[in-house]
Amino acid sequence: MAQLFPKTTLEQWRVLHAIVEHGGYAQAATALFRSQSSISYAVSRLQEQLGVTLLEPDGRRMKLTRVGHALLRDARPLLDATFRLEQRAHSLEQGWETKVRLAVDTLSPQWILQQALHDFANVCQQTAVQLFETSATEVVDLMAGAQVDMGIASSVPLGPPAEWLLNLDIVAVAAANHPLSDSHRALGAIDLKQHTQVVIRQTRFSPPNHSASDAVPLWIVGQLHTALDIVRSGIAYAWLPAHLVQGDLDKGSLRPLPLRNGQRRTVALHLLFTEDPPGPACHALANCLRHCVAQTHR
């Protein structure tokens with residue numbers, strides 16, 4: 001008849017791991033808040049059930065035998081999975097969300113977002129993050145339809161709670177070989193109308209006082225980096241986030257346009273929440289974002 005259940009328990013493997021981790025029976029007993037006799041019995045019983053020797057003395061410490069090392073290595077993923085399961089149960093009991101859906105304006109600096117997600121993973125390993133990277137308009141639409149829990153956008157709707165997160169510096173740039181970059185005088189709207197501009201769909205990148213009635217050659221693209229590649233090629237100029245083009249400006253491959261007005265402008269990014277107040281996981285992720293912004297601007 002096939003054996004239905006394992007002979008050994010996770011608790012026995014946990015005890016073995018503690019002995020190795022802390023260097024002995026007494027130390028493991030202290031770490032696990034148990035008596036030394038119960039620690040000794042757990043390991044003896046484990047070795048008896050397996051029919052192998054798992055530990056051997058090494059001076060005053062205990063070390064794994066070759067077999068013990070191999071078996072504990074296989075057991076560690078099970079111990080880790082059990083620990084994560086217990087953490088998840090605790091998080092659910094505390095009301096932490098199992099998933100946070102975050103919609104992000106494409107203007108958002110990537111290094112801030114990535115660092116915040118990294119920090120959040122350390123704080124809340126049991127909550128998954130579903131990330132949507134899209135336009136400011138789409139972020140607001142997702143928020144309105146309650147399809148996401150949080151948003152970062154340069155547009156602030158009237159409905160969801162919002163708070164200022166950071167200001168972005170937007171700069172008008174063109175390739176070094178673009179005709180506008182060779183100008184030795186301040187440029188105005190008439191000068192710009194003679195050249196193609198690239199804008200990102202549904203963002204606040206159009207220049208001041210720009211409207212559809214203006215006879216301006218215009219390319220509309222869906223991605224920020226697509227616009228940057230087009231500007232780098234010398235085909236068009238654009239208003240782009242300073243953090244995105246700073247490397248090109250430093251190298252001289254892109255140049256800021258010498259505009260009479262509007263060469264630089266500021267766009268504010270805001271944190272948006274579908275629920276007021278947000279859940280504990282949303283609150284934790286928001287704190288990670290705030291902390292990363294604060295660290296960046298020190």
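Trainee: Which backbone nitrogen lies 2.8 Å from a polar atom of the side chain of D191?
Mentor: Keep in mind that this is a predicted model. D191 is found in helix 7, residues 189-192. The backbone nitrogen that lies 2.8 Å from a polar atom of its side chain belongs to G188.

Trainee: With which side chain does the side chain of D191 make a polar contact?
Mentor: Start with what D191 touches, leaving out residues up to four places away in sequence: L180, R185 and A186. A polar contact at 2.7 Å links the side chain of D191 to the side chain of R185.

Trainee: Is D191 buried or exposed?
Mentor: The cut-off for buried is under 20% relative accessible area. D191 has 14% relative accessibility, so D191 counts as buried.

Trainee: Let's move to helix 3. How far apart are its end C-alpha atoms?
Mentor: Helix 3 covers residues 36-50, which makes 15 residues.

Trainee: What arc do the buried residues of helix 3 cover around the axis?
Mentor: The buried residues of helix 3 are I39, A42, V43, L46, Q47 and Q49. They sit on the same side of helix 3, because the arc they cover around the axis is only 165 degrees.

Trainee: Which residues are exposed on the other side of helix 3?
Mentor: First look at the cover over the buried residues of helix 3, which includes helix 1 (10-22), helix 2 (25-32) and strand 1 (55-58). On the other side of helix 3, the exposed residues are S37, Y41 and E48.

Trainee: How far apart in space are Q27 and R61?
Mentor: Q27 has its place in helix 2 and is partly exposed, with a relative accessible area of 37%. Along the sequence, 34 residues separate Q27 from R61. From C-alpha to C-alpha, Q27 and R61 are 9.9 Å apart.

Trainee: And what separates the C-alpha atoms of E56 and G68?
Mentor: E56 belongs to strand 1 and is partly exposed, at a relative accessible area of 32%. Setting aside residues up to four places away in sequence, E56 touches R61, M62, K63, L64 and T65. G68 is 12 residues from E56 along the chain, and their C-alpha atoms are separated by 9.4 Å.

Trainee: Now the whole chain: what share of its residues count as buried?
Mentor: The secondary structure comes to 10 helices and 11 strands. The protein chain exposes about 16400 Å², with carbon and sulfur atoms supplying 53% of that area. Of its 298 residues, the share that count as buried is 42%.

Terms used
Residues numbered from 1 in each chain as written. Predicted model: local features only at pLDDT ≥ 70, side-chain atom pairs only at ≥ 80, totals over all residues. Heavy atoms only, no water. Helix = DSSP H or I, 4+ residues; strand = E, 2+ residues; numbered from the N terminus. Expected span 1.5 Å × (residues − 1). Buried < 20%, exposed > 50% of the residue type's maximum accessible area, 1.4 Å probe, protein only. Arc of directions from axis to C-beta. Contact = heavy atoms within 4.5 Å. Areas by Shrake-Rupley, 256 points an atom, 1.4 Å probe, with all protein chains shown as cover. Polar contact = N/O pair within 3.5 Å; in protein donor to acceptor, adjacent residues only side chain to side chain.
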